[in-house]
Each structure stands twice: as C-alpha cells, then as structure tokens.
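Here is a short tour to read alongside the model. Please keep the sequence and the 3D view open as you go.

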Protein chains: 2
Amino acid sequence: MTRSPIWKSIVTELEGDIARGHYAPGDKLPTEAELSRRFGVNRHTARRALADMAERDVVHARRGAGVFVKAAPFDYPIGERVRFSQNARASGRTPEKRTLRLETRPCDATEAKALALSEGSPVLVYEGLSLAGGTAIAHFFSVFPEPRLPGLRQAIEAHGTVTEALRAVGVPDYTRAQTRLTAEAATPVQALHLTMREGQPLLRSESVNHGPDGTPVEYGLTWFAGDRVTLTISATEAGGRHAPDTSTP
Amino acid sequence: MTRSPIWKSIVTELEGDIARGHYAPGDKLPTEAELSRRFGVNRHTARRALADMAERDVVHARRGAGVFVKAAPFDYPIGERVRFSQNARASGRTPEKRTLRLETRPCDATEAKALALSEGSPVLVYEGLSLAGGTAIAHFFSVFPEPRLPGLRQAIEAHGTVTEALRAVGVPDYTRAQTRLTAEAATPVQALHLTMREGQPLLRSESVNHGPDGTPVEYGLTWFAGDRVTLTISATEAGGRHAPDTSTP
DNA sequence: AAGCATTTGTTCGTATGTATG
DNA sequence: CCATACATACGAACAAATGCT
C-alpha cells in the first residue's frame, strides 16, 4: 500500500482554500516559491500540485505573472431576447460598458443590406466593450439606422444600455431576428481591449435585431472572449433558469 | 483621365477564373512568380492584385505556403433539430463521416450527469470527423447511453449517420435540449485532423439531445473549424416543425 | 524605451521507495 | 536476492514571459 503523495494533499488544501473563498475566481495564488516554503516542500512538488489543478481547469498559469484561480465562465443565454445587462446581473456581476466610439457616418453595403437601408444612409455606430464584474467580456460593434431612430445617440450617452436607449426613442422591445456564429482569432487591438493574447479564440456573433413592427433597428457584431463566455441555447428558452453549477470537488 | 491600373485588370481576370470554377474554394492560386510571368508584369504588380483580393476576403495568403481561395463558409443552421447530413446536402456538398473511435466504456462524471446515468454505466463513444465536399468541417465526440440503446453500435457502423442509426434502434426523432457554445483553440491533434494550425480558433458546441419521451439519448461535443463554418440561429425556429428539406435529392 | 526583478516553464541530475518477476 | 521499471521527491541552473520603474 502506497501512502498518498504529498502533492495531492497540497491540492486538496489549496482547493479547500478556493472553495471557502479564501482565493476568489481571478485571484492570484501564492507563487510556487511561496507555496513550497509554506508546505515545506520542493518547488517541483508544489508545481506538481498546481499542474494537477491546471489539468482539471481549476487554475491557470501565466508565465511571468503567476497562477490564477479560473474564473467561472460567464453564461450568456441567447434566445429571442438578449440583454447583456440582464445576463450579467443574473450571474451576480455588475455589468458595465466602455464606449470606444459613438458617431454618425454613412453606412456601407453590408450594413445597408442588414438594416434595409440604401447604401450611404446615415447610421449611428456604437462600438465598445462589455464588462462583467470588472473584467472585459466582449467587444461589440453596433450599427443603428439614424433616420429611423432620432435622438438615439443622446439616449445611449445618457442611459448606457442599448435596451433603455431604444426604449427612450420609442422602441419598447426588440428581438433577435437572425444570428450567425463563428470562431475567429483576436486581432492585436481586440487582444489589447480584452486583455488577452493576439490570436486567442473569440466567439463572433453577427446579428440583426428587429423592432416590434418588424423593421430592423440594430445590426450588431460581438466578439466574446472564448475563455470567459459560454453562449447557451436552451430548447425551452422561455422557461426556467438553470442554477449555475459552481461545485468544485 | 487615368487609365485603369494593370493590377485591377489582373484582379478581374483572376476573380473571373474563380467565379467560373477554374480555382475552387480552398485551392491554391499560382505563386506570385508564376502570375507575374503569366501576365508579363513585375511580381509587385501581381502582389498588388492579390493584396486587393485579400483585402476583400476573396483569397488569403499563408506565408511560405501560397495564396488560397477563401472557402465559402459552410452555413450550419442549429435549431431544435440539427442534422449534419441534411445541412451539408442543403448547401450542395457531399456529407461524409470519418470514424476515429467507436467503443463502449464506462462513463465519467460529466457524461453521467448529462445523460442521467449513474457514474460508470456503459456508454457508447463515437468520435470522428465531419467532412463536407471533401474538406474536414468539424471534429465530433458523442456519447450514447448503451443500456438504453442496444444495437446502436452496429447501427452506426451500418448507416454512418447518427439520425438513421438512432431510428434503427427505436428512436424515431430527437431534439436538441440545450447547447453551450464557446470558442477554443485547436489542440495539436485537432489541428492535424482538421488540417489547420495549432491554436487556430474552433467553435465548440456542447449539447444534449433528447428522445421524443424526454430521455437523453446523446451527449455530444463538436468542434467546428472557425474559418469554415458559421452556425446560424433564426428566430423562426421555435414555432412550427420544419418540413424535411427535399430541395436536393 | 530600456533595463531589471519577479515568476513560471524546462531540463538536466540525484535519490528513494515500491511493486513485479 | 536481484534486476528492472515506475512514481515520487529534491536540487540546481537556465530560458522565457511579464510587470514595473
């Protein structure tokens, strides 16, 4: 009968600390050197424990930076109605938007087609970042038909959220008409904004939202950080909300 | 009045060749050197033409490899019912599956939970590649509850498609209960199977399919090549049952 | 912008205990 | 008892990425 190895007991100790909130998701664990001192073992033995935890996606290491507790991925249900702020609050995080651009300019061919406009019509471009609980989740790029939605720009500046801004200019509700999803590599600028490395996988969503009367009100592109977001589609999308599974054995 | 530049005429010539099928999606264009000889121009002029086409996403260049015609992304509608073979045929490509693994083994904790089994129950594992028109589109990994579906293994070996195999063992229809989507980087083995580079973005889908009586019949993971597939979700999916697509025999 | 300290990642080598045959 | 294989643990040095000044 073999005794259980030291590194396993280190794993259970550390995971216990995480479970009882001593180290929160996103937090940096002590360095390997510190751990090896704390447990009185060689650095390799501490590494072995961390490697095991990394294998099971409990933590992840960044060379030169440290070992971090994996953040539970942000669950983003997409159905007919998708509201970022609602989703964020539902998972207990503070939603936030950071505006990168808010301007009016003539639309290009793709945008014209999606919004059923003639090419060159003025559109409001709203580009920015969506944050949840302080960390950047997605990079969005939305285009609105300016003539159909007078005052939207001021409404967005005032309210921050798209849902409220649209309501303020007379669109009480909007639904997702069509969505196209692909995976893409992060460009250098996106990597900078989302604090990830260039080339890391992004989940790209291209969608058109319609108003209650069926006219398109938004053409939007969103790039979600692949390691931070899971889009969920439920068959009973209207129905019940699943409780998030946060169990860590 | 300036004459139209030479490179533009090269662009129209090449795009004509592509349009009339002389170069198919995914094909490698002649090298810059060959093009410059063929058109009797300097290599930089040919480069200018290729750069313009790359800008408009008609082709893409891979250093050291060549310039390739961009593959038209494979449109993959996901709704309640998702049938790969149907989707492939609808876009005019021959569907094909390549089996990497077909075996029975005890299930792990995740699989047990998804399929409502007790941990360690025997499950049928079906892993392979989905090809459309000869090119690999996705890497799939499916798990079926063996005890509930006796004879499924032979049915899969015989029929090739999951839909037909399930029908053969008494599951006339199945619907997608829940789907979770993320973007991930391709592992070295996946990159090999999908003929892409390691780390390239994949669209990962995790889903559970239910039989008509509501019991789970399949827990499946699929990794779609990001540059070759677009998942589409249309708003009009919830309502009526879609008639089977008979547009292409 | 360049340099420096910090931190993880990798690769040598060494030693020990345990199961196998 | 010996040979072998394997996992565990420790030590030292260097490489590479990161963050800070």
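## A salt bridge inside chain A

Which residue does R38(A) meet in a salt bridge? The partner is E13(A), with N and O 3.9 Å apart; a salt bridge here is a side-chain nitrogen of Lys or Arg within 4 Å of a carboxyl oxygen of Asp or Glu. The pair links distant parts of the chain, 25 residues apart: R38(A) sits in helix 2 (residues 32-39) of chain A and E13(A) in helix 1 (residues 6-19) of chain A. Helices (H or I, at least four residues) and strands (E, at least two) are DSSP runs, numbered from the N terminus. Over all chains, the structure holds 28 salt bridges.

## About the model

This is a predicted model, in which local features need pLDDT of at least 70 and side-chain atom pairs count only at pLDDT 80 or more, while totals for chains, interfaces and linings use all residues. Residues are numbered from 1 along each chain as its sequence is written, chains are lettered from A and ligands numbered from 1 in the order in which they are written, and side-chain values use heavy atoms, leaving out hydrogens and water.

## Where the chains meet

Chain B brings 27 residues to the contact and chain A brings 26 residues, contact meaning heavy atoms within 4.5 Å. About 2100 Å² is buried between the two chains, with carbon and sulfur atoms giving 56%; buried area is the accessible area (1.4 Å probe) that two parts lose on being put together, summed over both.

The rule finds two salt bridges across this interface. R180(A) forms a salt bridge with D75(B), and their closest N and O atoms are 3.4 Å apart. On the side of chain B that touches chain A, the elements giving two or more residues are strand 7 (175-185), strand 8 (201-210) and strand 10 (229-234) of chain B. Strand 7 of chain B gives the most, with 10 residues.

Strand 7 of chain B also pairs with strand 10 (residues 229-234) of chain A, in the antiparallel sense over four bridges; two strands pair if DSSP finds at least two bridges between them. Here T232(A) stands opposite R180(B).

## Back along chain A

Chain A is divided into domain 1 (6-69) and domain 2 (74-239), with bounds from an automatic or database domain assignment. Their centres, taken over C-alpha atoms, are 37 Å apart.

D57(A), which is not a glycine, has a positive phi near 60°, and D57(A) lies in the loop between helix 3 (43-55) and strand 1 (59-62) of chain A. A116(A) has a positive phi of about 60° although it is not a glycine; the place of A116(A) is the loop between helix 5 (109-115) and strand 5 (122-132) of chain A.
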